[in-house]
Every structure is written in C-alpha cells, then in structure tokens.
Amino acid sequence: MACIRDFWSKDDPKGIYSCPQCRQTFCPKPPLSRNTMLAEAVEQLRKGALTSEVRDSIRSARGLSSRSKSRLSTGAVLCDMCKGEQRAAVKSCLACMSSFCETHLKPHQTKKSLKQHELIPPTSNLAEKICTQHKYLQEFFCRQCKMFVCWLCTSNQHKDHECVSTKAERQERQKLLSDIQADNQQKLKRREQELKDMKKMMEGVKRSADRVHDETENIMGELLRSVERLQELLEEVLDQASLGKMNQAQEVADNLEAEIRERRKRDTEMKDLADCADNIYYLQTCDTMSSPLECGDLPAVQVNHSATFEPIREAVLALRDRVEDLCNQELGKINKQVREINLDTIQAPEPRSREEFLQYSVILTLDPYTAHKRLVLSEGNTKATLQGPTQPYADTPQRFDGWTQVMCQSPLQAQRSYWEVEWRGRGSSVGVAYGSLSRKGNDARSGLGYNAQSWTLELSDTCCSAMHANEKRDIPVTYSPRLGVYADLSAGMLSFYSVADNMMHLHSFRANFTQPIYATFGVGQVHFLLMETENPLKLTSEKN
C-alpha cells in the first residue's frame with residue numbers, strides 16, 4: 001500500500017494515475033482494495049510455508065484450468081484462488097469481491113481481520129452485481145424498472161416501486177419457465193417424431209418413386225416392343241396380301257396377253273387369206289381359221305377399278321388415334337393419381353403473419369388484351385381505372401366486352417402465391433379464373449364468380465361476398481382498402497385477407513384446380529391497383 005501510494009504521489013500534479021503493472025490509467029485516482037489472493041500468498045511466505053500449490057497460484061493468477069471446469073456443472077461458481085484443479089466455491093466475499101472454496105475460505109474463518117467481511121452464497125461475476133451507487137449487493141428486483149437494485153435503492157429511487165427479492169422473483173419466473181420448458185419439451189418431442197416420420201416417409205417415397213420409375217421404363221420398353229412387333233405383323237400381312245393379290249392379277253394379265261397375241265396373229269392370217277386369189281388355197285385354209293385358239297376362250301375379266309389398300313391405311317390410322325387417345329386418357333389418370341398422393345405431411349406450415357405471406361409474393365401485371373374498353377391501364381399495367389368513355393382498344397378474342405373485367409398476363413406458376421390489391425370506389429371483384437373463362441357477353445358465363453370457372457370476393461364499403469358458381473356468401477367486415485390473396489395450388493385453397501396491422505382472414509375457397517388459374521379483377525365503378533408486396537395492384541374509378 002505504501003509503495004503504490006508513493007508511486008502515485010508523483011502523478012498528483014497531472015491528475016492521471018496509472019497502474020505500474022498493467023499501465024491502465026485512471027482519473028480520478030481509484031480507491032484501492034486489498035488483494036486477498038496476494039495477501040494469502042504473502043502470509044504463507046511469512047510462515048515459511050510456500051508450497052507448490054501457492055507457487056502454482058502465483059504463476060497462474062490470470063488463468064483457470066479448463067480441465068477442472070469441464071468436471072464442474074455449468075452453473076457452478078469457481079473458486080478464484082484455486083489453480084490447477086478447480087473446485088467449486090462455497091462462499092463469495094463482498095469485501096474481497098472474490099469467491100472461495102472450502103480450503104481457501106479458511107482465512108475468513110480464522111483471521112480476525114477477515115472475519116468482519118460479509119460472506120454470501122457463491123455468486124459469479126460478483127463485481128457486476130454490486131450496486132454502483134451504494135456498493136451493496138443487488139439482492140432485489142424492481143418489476144417496474146426491470147432492473148436489479150440493492151436494499152438501499154428500494155428505500156430511495158425505487159421506494160414506491162414493486163421490489164421483491166431476487167429469490168422470490170426467480171421462484172415466480174421459475175414456475176413460468178418450468179411451464180414453458182414442459183411445453184417446449186412436448187413440442188420438441190413431437191417435432192422430433194415428426195422429423196423422424198418425415199424422413200421415413202421421404203425414404204419410402206423415394207424408394208417407391210425409384211421403383212415405379214424403373215418399372216415404368218421396363219413397361220414402356222415392353223410396350224414399345226409390342227408396337228414394333230405389331231408393326232412387323234402388319235407389314236407381313238400387307239406384304240402377303242399384296243403379293244397374293246398381285247400374283248392373281250398377274251396370272252390373269254399373262255393369260256390375257258397370250259390370248260391377245262394369238263388373236264392378233266389369227267387376225268393377220270385372216271386378212272392375208274382374204275387377199276389371196278387362189279380359191280383352192282382359200283378353201284383349204286378356211287377351216288383352219290375357223291378352229292378355236294390354242295389358248296382357249298378365257299372367261300370375261302371384270303376389272304375392279306376401285307381396288308385399293310386405302311381401307312387398310314385408314315384402319316392403321318384409326319388404330320393410331322385409338323392408341324393415342326388411350327395413352328392420353330391413361331396419362332390423365334396417372335397425373336390425377338400423382339396429384340392426389342397424400343404428401344400433406346411435407347407441406348410447409350400455413351403462413352400467419354404478413355411477413356410469412358410475403359415470402360410467397362409474386363409479381364403480377366394486367367393483360368391489356370383482356371381489359372374491357374372502359375378500363376384504363378397505367379403504372380406499368382398494375383393499375384386499372386374505370387372511365388365513362390370507351391378506349392380505342394382492338395377487338396381481340398381475349399377481351400371482355402360485357403363485364404368490366406381484366407385478367408393478368410400469366411397464370412400462377414408457383415404452388416404457393418400471394419399478392420395484394422388496393423381498391424377504392426363503390427365496389428370491386430378480386431379473384432382467380434381459368435383461362436377458358438368466356439370473355440364475350442354480359443351473362444353469367446363471363447362474370448367473375450358467377451360460373452364454375454372463377455372464384456372471387458366482391459367488395460364494398462361495409463361488407464363483402466364470396467362468389468363461386470353463382471353461389472353467394474355474405475361476409476360482414478369493415479372497410480378494407482387493401483386485400484391480400486393467397487393461393488395454395490397443392491392444397492387446393494384460395495384465401496382472402498384484410499391487410500392491416502394484423503392479417504384478418506375473410507374467406508377461403510376449397511377447390512381442385514384442374515386448369516391453370518389467372519388472377520382476375522372486376523372494376524364496378526371503382527379503382528384498383530395490383531400490389532407487389534409494398535406496391536399493390538390498384539383498382540379505381542373516376543366520377544362520370
């Protein structure tokens with residue numbers, strides 16, 4: 001103490017004091033505390049009992065043994081004096097600001113100067129738990145200020161606050177934490193089992209898919225070979241039939257050619273005989289000319305000019321068409337069975353907060369070729385406004401000409417999609433429709449929600465109505481200027497939400513979507529704007 005005071009006396013004029021060991025500076029001069037660890041070592045030196053344990057303590061005054069730490073529980077407070085093998089502290093001293101095991105606590109129990117120190121149960125990081133103002137242990141917790149205080153603070157700054165002992169606060173928190181822990185353990189166990197079932201299911205699905213893939217390859221190979229064998233048989237039948245018919249026709253043609261040659265020869269001989277002036281020769285030869293031909297008289301040949309193999313070609317084409325139709329039908333059945341495979345267990349959890357919905361957000365743009373002529377599209381085809389005069393749009397097959405509606409350019413591609421719409425005016429319709437929805441006329445076939453090809457939510461200032469297949473369901477709800485639409489194609493669900501601080505569910509449709517669906521909007525004396533997360537699709541109207 002005398003040494004450090006003498007050292008610091010030289011720094012008085014400067015007002016800055018530095019530690020001679022670590023060179024850290026202080027301003028003003030810090031209060032000094034007794035170094036109990038060094039004091040014990042000095043005391044043992046004075047007694048001539050500097051053991052190896054003390055030497056180890058001096059050499060490793062700044063470190064702790066990691067091996068001994070590993071043998072203690074994670075919540076144990078370590079003795080600040082132990083070096084080498086670490087032992088758990090049994091008491092902490094508020095005067096020494098250190099913790100001691102049973103061995104190193106003995107000086108506090110035997111030395112008169114140390115007996116006056118206040119000992120408390122072992123506490124880690126003791127210096128951080130001392131009130132900086134009153135220098136007492138922070139043994140109380142202020143519930144209003146959510147902070148630890150000492151007993152003197154409870155009578156001063158926190159006098160009218162609800163202050164309880166840290167033990168009482170812990171007991172109360174421990175009850176709550178025990179319930180949370182029990183619930184967490186149950187959820188952990190359930191999730192572990194779900195993960196185990198999930199992996200087992202995934203392995204089973206993969207094995208099944210691999211097996212079906214291999215078998216499908218073999219089956220398709222067999223089918224291909226069957227078609228090749230059918231082709232060979234058909235070619236063989238056609239070759240045999242063609243050869244047989246051609247041989248028959250060739251035989252008849254050969255006989256006709258032979259008879260024609262003989263008749264031409266007889267005709268020439270008869271002409272020569274007619275020109276002969278020798279009557280005797282004429283009479284002698286006349287009988288020969290009257291005899292039958294050597295080839296004999298062939299029956300009359302009836303030629304079928306319509307004879308052709310075209311019926312065979314038509315039969316083969318019909319076979320091809322039937323096989324293709326059969327393949328398409330069976331492929332449709334297979335696709336349906338694939339879609340109906342129950343993999344609900346691997347579906348991601350349904351979103352609840354807006355942040356969770358936004359992870360499925362999609363970019364939508366309105367298709368100008370479908371917009372009714374009274375709709376004006378703007379802001380990059382994300383805003384539609386209903387106006388009185390018609391626009392000079394071209395007449396296209398896709399354009400709505402009865403209902404003031406517009407459809408988006410592309411169908412929903414992702415299994416899960418989310419978009420938002422802002423609207424104002426007297427009403428609006430927000431929903432989805434098949435691309436096959438009728439565009440012409442103002443009857444129910446082309447009205448959004450009035451047929452089986454579309455699903456929609458009709459909006460107004462005080463309520464809204466869910467519409468599908470001309471069936472209406474009223475939903476009482478306050479004015480909701482921003483609407484969120486969530487489509488889960490794999491689950492066959494279309495949901496609508498009022499977007500505010502919280503997502504308020506309005507209605508959900510359950511449907512087996514058999515065709516690609518398009519986001520579609522109806523503008524009835526209103527304005528709307530399609531939202532892309534923070535930039536919605538807008539629907540508005542202008543006053544006539």
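A crossing of two helices is termed left-handed if the near helix is turned anticlockwise from the far one by less than a right angle, and right-handed if clockwise. The model is predicted, so that local features need pLDDT of at least 70 and side-chain atom pairs count only at pLDDT 80 or more, whereas totals for chains, interfaces and linings use all residues. Residues are numbered from 1 along each chain as its sequence is written, and side-chain values use heavy atoms, with hydrogens and water left out.

Helix 7 (residues 166-274) passes helix 8 in a left-handed crossing; helices (H or I, at least four residues) and strands (E, at least two) are DSSP runs numbered from the N terminus. Helix 7 and helix 8 (residues 279-290) pack at about 160°, their axes 11 Å apart; axes are lines fitted to C-alpha atoms, for helices over the stretch in contact, and angles run from 0 to 180 degrees between N-to-C directions. Helix 7 is therefore roughly antiparallel to helix 8 (angles over 145 degrees). The contact (heavy atoms within 4.5 Å) involves Arg266, Glu269, Met270, Leu273 and Ala274 of helix 7, and residues of helix 8 including Tyr281, Tyr282 and Met289.

An open sheet is formed by 3 strands in the order 4-3-5, with antiparallel pairing (at least two DSSP bridges between two strands). Strand 4 (98-100) and strand 5 (119-120) are the edge strands, each pairing on one side only. Strand 3 (residues 91-93) pairs with strand 4 over 3 bridges, and Cys93 stands opposite Ser98 in strand 4. Helix 5 (residues 102-110) lies across strands 3, 4 and 5, running at about 110° to strand 4.

Methods
Parallel < 35°, antiparallel > 145°, perpendicular 65-115°, else oblique.
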